[in-house]
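Subject: Structure handover

Hi,

Here is the structure for your set. My notes follow below it.

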Amino acid sequence: MIALLKRDIRLALRSGGGAATALLFYLAVVIAMPFAVGPNPELLATIGPATLWVGALLAGLLGLDRLFQADSEDGTLDQMLLSPVALPAQVFVKSLAHWLVTGLPLTLMVPVFAVFLALDGTAVAATMATLLAGTPAISFIGAVGAAVTVTLPRGGLLLSVLVLPLCIPVLIFGVGAVRGAMTEPDPFLPPFLLVAAISLFFAVIGPFAAALALRQSS
Amino acid sequence: MKLVADDIAVMRGEELVFSGISFAVENGGALVIRGENGAGKSTLLRALAGLLPLESGKIEIQNVEPEFGEAKVPELCHYLGAENAMKAAMSVGENLSFWQDFAGQPHHKIDEALELVGLAGLGDLPFGHLSTGQRRRISIARLLVSYRPIWLLDEPTSGLDAESARQFAGLMEAHLADDGIVAAATHIPLGLAAAEEFELTGVAE
């Protein structure tokens, strides 16, 4: 299992892997925003956390279609299906690897990107905390979508359509929690805990749903 | 150990690929599955490996040696499919050591396995740089780095030159001599001394 985790991380960091693509796409979204809305620091600070969240969501979805498709095309998936290790456990490990090379770096880059969006310390800390809690949900929900679309030639588009609606609650509560941290009457903790709960929920049922879809695909 | 298929039938979508297939292979025995394109050779192998559900009948392993315990059919099998199951971005050595860790039951060392398939010293090359025949031989080396008593091989010699094919026949003979079982789907003679042949003729209407 550790071998699978190490291999997936290694592949993502190699040329043609998804890690750098996701980060660059994230950077592009965040940099484009100040040019689009103008250099008003207050306005930027208001929409900043939302921009970071939308960027993270889209960047997370970017490489998801290859999560199982690459393995399916080169025959690796057959070997995974034959392995004595339970398939949901393998899916969990692959989703975890996906998060470690996309969700986690995206979260860690927030302090850098916050400069473009004129965010203060509180906003940066709150955005990082919610992204840390929320981006695993994107990987685990995405794994289900990736498993369902694994044999489709242009699965990426369908994947986004399938996964995005399920990720909307994460986005709503994630941005809501950051707003709670920045403005006084709104609470931070309840929406933050909801985000964490969604991630944990999908970390459990996502691998089983994805494994079921992968078994049907062979 | 004895690999037994008893009256199996497999559907692909709405279509019956074959039915009423029965055979048995014992320790040290090889089964060559022959048939024209589309007769269902690959489908039969995938069904044996447990990758495809059976419509009827059953596949089982009888008289399992105690060292394998309660293992199910797929856990006793190496399946060499049409694809090589290797990543082009990783080196040959990385690919093989991943499969060794993943499959468990280490058998030959990576270097030994590369030597056995005649590609010693290529361990550091990216898999993507190899030729078709070399890729196939690396894929064959995967069978050697972890131990499985049953080898299920789908067109194992595709892309191999005559010399490599002979070398591979030797590896299969060694596996059989080691009380292994080989079931291969192919239309090219594999050069095995004592192989039972099984002809797939398509669906009996």
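A salt bridge here is a side-chain nitrogen of Lys or Arg within 4 Å of a carboxyl oxygen of Asp or Glu. By that rule, the whole structure holds 12 salt bridges over all chains.

Some ground rules. This is a predicted model, in which local features need pLDDT of at least 70 and side-chain atom pairs count only at pLDDT 80 or more, while totals for chains, interfaces and linings use all residues. Residues are numbered from 1 along each chain as its sequence is written, chains are lettered from A and ligands numbered from 1 in the order in which they are written, and side-chain values use heavy atoms, with hydrogens and water left out.

Helices (H or I, at least four residues) and strands (E, at least two) are DSSP runs, numbered from the N terminus.

**Inside chain A**

One salt bridge joins the side chains of K94(A) and D8(A), at 2.8 Å, N to O. K94(A) sits in helix α6 (residues 87–101) of chain A and D8(A) in helix α1 of chain A, so the pair ties together parts that are 86 residues apart in sequence.

**The interface of chain A and chain B**

Contact means heavy atoms within 4.5 Å. On that basis, 23 residues of chain A touch 22 residues of chain B. The two chains bury about 2,000 Å² between them, 62% of it on carbon and sulfur atoms. Buried area is the accessible area (1.4 Å probe) that two parts lose on being put together, summed over both.

Between chain A and chain B there are 5 salt bridges. In one, the side chains of R10(A) and E94(B) meet at 3.6 Å, N to O.

Which elements of chain A give two or more residues to the side that touches chain B? They are α1 (2–13), α4 (66–73) and α5 (76–82) of chain A. α5(A) gives the most, with 6 residues. By class, this side of chain A has 9 nonpolar, 7 polar and 7 charged residues. Ala, Val, Leu, Ile, Met, Phe, Trp, Tyr, Cys and Pro count as nonpolar, Asp, Glu, Lys and Arg as charged, and the others, Gly among them, as polar.

**Chain B: the antiparallel sheet**

Two strands pair if DSSP finds at least two bridges between them. An open sheet of 3 strands has the order β2-β1-β4 (chain B), paired antiparallel. Its edge strands are β2 (15–26) and β4 (56–62) of chain B.

β1(B) and β2(B) are joined by 8 bridges. Here A5(B) stands opposite F23(B) in β2(B). The hairpin of these two strands has 2 residues between them, and G13(B) takes a positive phi near 65°. On β4(B), 6 bridges link to strand β1 (residues 2–12) of chain B. There, A9(B) faces S56(B).

**Chain B: the parallel sheet**

The other open sheet has 5 strands in the order β5-β6-β7-β3-β8 (chain B), with parallel pairing. β5 (77–80) and β8 (195–199) of chain B stand at the edges with a single partner strand each, so one side of each is left without a neighbour in the sheet. β5(B) is joined to strand β6 (residues 150–154) of chain B by 4 bridges. H78(B) stands opposite W151(B) in β6(B).

Helix α5 (residues 162–177) of chain B packs on this sheet, touching β3, β6 and β7 of chain B, and its direction makes about 155° with that of β6(B). Axes are lines fitted to C-alpha atoms, for helices over the stretch in contact, and angles run from 0 to 180 degrees between N-to-C directions.

Best regards
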